[in-house]
Structure formats: structure tokens, C-alpha cells
Amino acid sequence: MAKKVKRWLFNSWIIGFFTSCLFAYVVTNIFMDSIDSHEYDSQLGKFTYSANNYYRMRREGWATTFIGKYNTIGVKDIEKNKLPKIAIWGDSEVTAFPVPDASKVSQQVSDMFTKIGREIVGFGIAHSNNTLADYIVDLRKYELLIPNIVSHYIVLCNLNDDTLPYLKKGPGCASFEYSNGFRLINSDCRPPYQKVFHQLGKFNLRIVSYSFGEIYGYQMQLPWARKKESKKNHNTVDEKAIYDKLEAWDFIISELRKQSDRPIKIIYCPYRPAILGRNISFKDSQQKDKEFFASICLRYNIGFIDLTERFNYFFLNTMKFPRGFANSFPGRGHLNADGHRLVAEAIFSNEVHRNSLKQ
Amino acid sequence: MSLSQFEFILFLILVAFALFVQKNNASRKWILLTAGICFYCYWDYRFCLLLAIPIFVDFYCGRMIHRSIEKTRRLLYLLISICVNVGILVVFKYFNFFIGSFKPLLQTFGFNVRSLDLILPLGISFYTFKTLSYTIDVYYKKTESCLSLLDYAVFVTFFPTLVAGPISRSSHFLPQLKTFAPSYENLRAGIRLFVIGLFKKLFIADNLGFYVDGYYASPLVFDSITAWFAILSYTLQIYFDFSGYSDMAIGSSRIMGFHIEDNFHFPYLSTSIEEFWRRWHITLSNWIRDYLYIPLGGSRRGPARTYLNLMIAMLLCGLWHGTAWTFVFWGGYHGVALCFHRAFKNRQMSDNKRLADSSGISVLKWFVTFLVVSLGWVFFRSPKFEIAMQVMSQLFSTHSGVLWIYPFAVFIIIATALFHVLKSWDLSRILEVPDDAWYTPTVLFSLAWLVFLFRSREFTPFIYAQF
């Protein structure tokens, strides 16, 4: 009898474990982000987000994003659309997974043109961790794949990490390097463990990918892994110090200009205003870099729109930050719906102004 | 090694396994002692010697008090024990605090005292109270003196309660050393408590901590509504953090076959501040009552002396918590609240009037108590007195600023409120997880999943472990 009871109890723990796994599966599919699933795109010659897929974001904000072909964000079948288009390039600020599709910059731009009776479509081309090097490599290809792009806008937030050699953290695609001169190196952007994550993504097995990541993260904290990492970082630091910032910018901006004769504009979205210490800081820490960068852009006929003033003005009027979400720290992280609106307004007014000059 | 770290879980499994395998009682005690020392050494091996001092001194004093017949001799050994324990506590915990606080005053008298470069030894406040209670109990003949140094060393270094309690009494713990044995029932009950504690700490308290820390880092930036949400969140954070720790400590002990005293009993259901202290950090409240308040005369020497005793007890309770004037103020604040409550109670008794126990009155009493306790936590949490005052002024004014309502905090506030309502209506059984229910493993594994999936990215130590 006692054995029977023990066996039943033992079974209840095993059954309990499997039932809890089912519970965890459901929970992860409601309250956790989707898996980054990638597929090879033969036309772009690189790995992109799996096309015609929905991406769920919960860690920061609470939204679902539609990803079309060629890493296009929030718009279906953009390649079939014949209307004039504004391409908005960027990294995770433009994929904007934390912001619902309706509030994303691309959709807001389209809405603003619709309101004034103009049929111009805004659409995002983005992938997290992208840099200026990626836009340069891809710009020409996109002009061929997607018809009637009238102008390009590139959203930049960090003038160092997004524009200079080696500085971007995490796995990038194209890279900007320096070794006896500057050069851009293309790659197929294959993410690590792409096949595994693609299969896991198909079955929404976030629970497995998360566990895998946690084990990897824990292993990285072990003393020998830390030692290896610090050695690697030490080498990177050595590499960073050997080029001139202004020369690097001059090279990369000139390369950008060479890719297209259509209008290109850089929209700079600072990390200000933000809570720093006990106060709110309005002063952009990249002020000097911004001035140099803008002057180089001007030299190559690339527009530079600085949103620092707009962001500060918006905060002072509404006491709301253009960055941050209810479930993250206010003023930090990615652009929120208000931030996207401010960017959209800047693009819209710029386009209206440009068209009026043309007419 | 914190109880919420993966390393501790591995350590606990190892120790529990060794205790299961070993059948000999003496060997089991050696295992526990070794585990306790290893646990402490993992933090800082240099402080093991400091831990050894009270073990040897109090064991010896306890034996001598027991053997001595002369009252003065007994008193002498008690004083030696008190001086050694309190002396270590004062030097390591309070010396720099008092020097820092009274430096200008000392300098005016020509004393140029420098602060010492000291680290606060882990769990010093807790094990000092534990060892003190032993010699005092032996002196008052409330407990027998411990005959075995090994037993006494196991009592002091018992690793689940070493860092932040519960402050176990020797009279409760030492007898268990004769018969303790891990069993399937203990294991099951222990795992249950441990997982629940882990859930409270890592899932609830640490995620609330993100919001609370964000608010307290720059309180003036936020508006009054955010301030109210933040102080409410801290009220829950500190409860879930500390009660989670207590559950984990009690659960770990249970896995090894020990029953440790409860530390919490739904403190936020209290309808008076006196009741709150009977439900919050019960082992500390009992310690202060038994070894401070009652020896001072308690409530037997008239109202004025009672109020004075309450104030002394609570000011020292505040100081015990931390070396900052905000903690002293917090203690004094609770002392004043207790005095008011006592005065109110006395007046009711003398007038022979009693407030009708209608549900409306009970809700009002609960609300006032909860509000007093929550506002008190502002002083407890604020790093400086001026910040506490800023928060207070923000709470009671229409301060404009950034509005930040953290959805997780709202969810926890609502869920906790619902659970407490069910508890007060005696309906919480529907949410309880009995040891032997068929669904308990499913619930525990699910809670463990939630912890694994949604725990805070950064390691956050237990709030009470810093005391």
C-alpha cells in the first residue's frame, strides 16, 4: 500500500512537471517576445526576418509587428505597390517591435499624406543591430526591388555605434572596417543557430530558445568564459584606436551618396530628454559629434534633421518622453508611439517642403 | 551565496543528499556544521573567526552560568556574553555610523576620531540576537545550557537562517538536533515552501524592485500618482522579499528535517499597529518583547513608563535594522504609532467604551494601519532623510511630473489585495497549495517556470540580508 502511495506521489511529480511545461509554453506565447526567425532571401543575397510573419514584443512595450518581404516593416506586399514611397531605414528603432504597427513611423507618415489627399506610402526597412554600412550595401538593391521610392530617410540615434568602424555591439551584417584604409564588407547576415531558431520559431517554442539562451548566459558567467571574453574585448579596444573619426565619417557618407541620386536624409533621434541622476537632462551628449557629422552630410548633399529640439519641446509640453514604455524605465530604450509620431512629423514636413520647392 | 542564487540550490541539494545518505546523528551534525562554515566562507572566509568568537564565548558562558550557584557569578558570565556579542555588533555595525554622525561634535571637543575601514559581516545582527537569547535564557533558567559544543556551533552556523533569520531560539532549535532526520514528508513540505519563497522573491519582489528603484533614484521627476504607486509597490516589495526569504529559509531547514519558527502571518491584514508587529518579522518582534521591552518593565509600571519603554524598544529596533538615521526615525515613528494605539486602547478601556466591531470600523482600522505602515516604509527605503521628506511632500501635494504606472506593479497590487481579501473572508483555501494535494507538484513546477522565465535580469540581494 505504502509503495503504491509513493509511486502515485512520484507519478504526480512527473505528471506535474510535464503539465507545468504546457503551462510554461502557453505563458511564453502570451507574455514573452517571439523568436527571431530568419530565412535566406536570394534577391537580397542575405538572411532576413522570415517574411510575412508576425513578431510579438512583450519585454519592452506590448505590440505585434507585421514583417513583410525583405525586412520591410508593417506593410504587406510593398514590392507590388506602385504608389510613390518613402523608405525609412533603421535598426531596432525602425523595426519598432515595441510599438504597434498603426503607431509606427512608416504608418504615421502614410496617414499624414492621406490626410492631405496625397497618396504616398511610408514603409520601414529595418533589422535590429543594423548600421549605416548595411544601408549603404542594400540601398541600390532595394531601389530595384521596390518600385517608385521617391526618397530615403535614415534614422540614426547613436552617431558612434551606428556610423564608425567596429563599434557596433552584437552580430551585425555588413561591416565597416579599417585596415590601411576604410572599407565596407558585405556578408549574408546569417544569425547564429539560424536553422535551430527558424524551426523553433515555426512551432513557437520560445520556452526552448529562452532556456537555451539562459544556459548559454550562465555558462558565460563562469570564470574561464569571463577570462576569454575580457581577452577578446581587450583586443577590440586596441583595434578601435587607430582611425580618425572625421575621416571615417567622410568615407561612409561619400559611399552613401554614391548609392543613389534620390534624396537621402538622416534623421537624428537623440537619447534626450532623459532622467539622469535626480534630474531630467536635455543636453545631448553627442552635440559636438552631431555638428561635425551634419557638416559632412551637407558636403555630400545629404540632409541632416536633428530632432533634439523637437524632443525637448515635446517633453516640456506634455511631460512625456519620446522614448520608453510603461513596462520599461521612462525616457530610456526605444522610441515609443509619441517618438514615432515626432519622427513621422519631421519626415512629413520635410517631404511637403521639398515638394513645394519642386513645384 | 544568496538563497535565491543557483549556487545555493546546488549547495542545498548536496547537503540534503549527504544528510539523507548519512544515518548517524553525530555525522549529520558535522555535515551541518561543515555546510554552515562553507556557506559563510563563500561570502568571506576571514569573518569565520568572528563567527567563532560568539560560539565559543557563549557556549562557555552558558555552561558557567548553568554550573554557578552564586547569583553574582551567574550575572558576571551573562555580562561577559552580552559585552562580547554587543561589542562585536557595535564595532562592526555601529562604530562608523556613530563616528560619522557625531564627528563635528567630537571635533569641537578636540577629539579627532577616524572611521574604520570595516565590512559589515554577513548576518551579524541576526546571529548576535540568536546567541544573546541563548545566554539570557540560560541565565533566567528558561532553557538548559547546551552540553555539546558541536550542537551549539550547529545552532549558530545553521546556514538557512544565518544571513537574515528567522531568529531561531535555542530552546526551539537545540532539542531538534537530537531527533532531526530528513524524510519524504519533510522534503515535500520543504520544497513547497522553498519554491513559494523563491517565487515571492524573484518573480514578485525583484520585478517590483525595478519600479521602486527607478522611482527612488529620482523621486522629484515623477508626479504624485506615481509616488503613491511606488510607495505601495515598496510596501509589497519588502513584504515579498523578506517573507520570501523566510519561506526559503524555513523550507531549506525543513528539507533537512528542522522546523523553524514562522516569521510572517499576513501582516498587511492587521487592524492595529500592535497587531502588525505580532504578524511582521515575528521572531524579531518576540525577541524585542522578551529581551528588551519586558525587562524594561513592559506595561506594568504605569502609562508613562509604558510609552517610554515602547519608544526605547522601537528606536533600538529601528537602529538594529540599519546604520542610518532614517532607520532610527522609522523605529521612532512606529514607537509613536504604538504609543498612540496604546493610549487609544487605554482610553477605551477606562471609559468602558468599545468601538462596535462592525465591518466598516474594521475596514477603517485596517486602512489606517496599512497607511501608517506604508508611509513608514518611505523612511525605511529612502537613502537620506531629505529624500524621504521630498517623497512625503510629493505624496500630499499635487506635484506635477512624469507619470509612470508600471503594469506589473498594478497587477501585483490587485492580486495581493484579492488574496488578502480572500484570506480575511477565510476563503483563501481555494488558493492554497497543501503539501499532499495531487496538484501541488504542477503548481510548484509552474511557479518555478515563472521564476525562470520572468525573474529580474540583475541579481538583487535580499533587503534584510544587508542588516
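This short talk walks through a two-chain predicted model, chain by chain and then across the contact.

A word on conventions. Residues are numbered from 1 along each chain as its sequence is written, and chains are lettered from A and ligands numbered from 1 in the order in which they are written. Because the model is predicted, local features need pLDDT of at least 70 and side-chain atom pairs count only at pLDDT 80 or more, while totals for chains, interfaces and linings use all residues.

Chain A to begin with. Its secondary structure comes to 11 helices and 14 strands. Those are DSSP runs numbered from the N terminus: helices are H or I with at least four residues, strands are E with at least two. Along the principal axes, the C-alpha trace of chain A spans about 90 × 50 × 50 Å. A compact globule of 359 residues would have a radius of gyration near 21 Å, and chain A has 23 Å, which agrees. That radius is taken over C-alpha atoms, and the globule rule is 2.2 Å times the number of residues to the power 0.38.

How much of chain A counts as buried? The share is 38% of its 359 residues. Buried means 20 or more other C-beta atoms within 10 Å of the residue's own, exposed means 12 or fewer, and partly exposed is in between, with C-beta atoms placed from the backbone.

Now the domains of chain A. The assignment gives domain 1 (1-31) and domain 2 (34-197 + 232-358). Such bounds come from an automatic or database domain assignment. The C-alpha centres of these two domains of chain A lie 46 Å apart.

On to contacts within chain A. Take pairs at least 6 apart in sequence: 69% of those contacts join residues at least 24 apart. A contact means that two C-beta atoms, placed from the backbone, lie within 7 Å.

Most residues other than glycine have a negative phi, and most peptide bonds are trans. Arg272(A) and Pro273(A) are joined by a cis peptide bond, with omega about 0°. Pro273(A) sits in the loop between strand 11 (264-268) and strand 12 (274-276) of chain A. Next, Asn148(A) has a positive phi, near 60°. Asn148(A) is in the loop between helix 4 (132-145) and strand 8 (149-156) of chain A. With 12 other C-beta atoms within 10 Å, Asn148(A) is exposed. Met319(A) also has a phi near 60°. Its loop runs between helix 10 (308-318) and helix 11 (337-358) of chain A. Met319(A) is partly exposed, with 16 other C-beta atoms within 10 Å.

Over to chain B. Here there are 19 helices and 0 strands. The radius of gyration of chain B is 23 Å, close to the 23 Å from the globule rule for 467 residues, so chain B is as compact as a globular protein of that length. Its C-alpha atoms fill a box of roughly 65 × 65 × 55 Å along the principal axes. Of the 467 residues of chain B, 44% count as buried.

Chain B divides into domain 1 (6-179) and domain 2 (186-466). Their C-alpha centres are separated by 26 Å. The contact between them takes 21 residues from domain 1 of chain B and 22 residues from domain 2 of chain B. On the domain 1 side, helix 1 (6-21), helix 4 (71-108), helix 5 (124-139) and helix 7 (159-162) of chain B give two or more residues each.

One helix deserves a slide. Helix 10 (residues 184-217) of chain B has 34 residues and, at 1.5 Å a residue, should span 50 Å; its end C-alpha atoms are 47 Å apart, which agrees. The expected span is 1.5 Å times one less than the number of residues. Where does helix 10 of chain B bend? At Ala205(B), by about 30°. That angle is between axes fitted to the seven residues ending there and the seven starting there. Of its 34 residues, 25 are buried, so helix 10 of chain B is largely enclosed by the rest of the structure.

One residue in helix 11 (residues 224-255) of chain B is Met248(B). It has 29 C-beta neighbours inside 10 Å, so Met248(B) counts as buried. Leaving out residues up to four places away in sequence, Met248(B) touches Leu3(B), Phe194(B), Gly197(B) and Leu198(B).

Last, the contact between the chains. It takes 19 residues from chain B and 22 residues from chain A. Helix 18 (407-424) and helix 19 (440-454) of chain B each supply at least two residues of the chain B side. The largest share of that side, 6 residues, comes from helix 19 of chain B.
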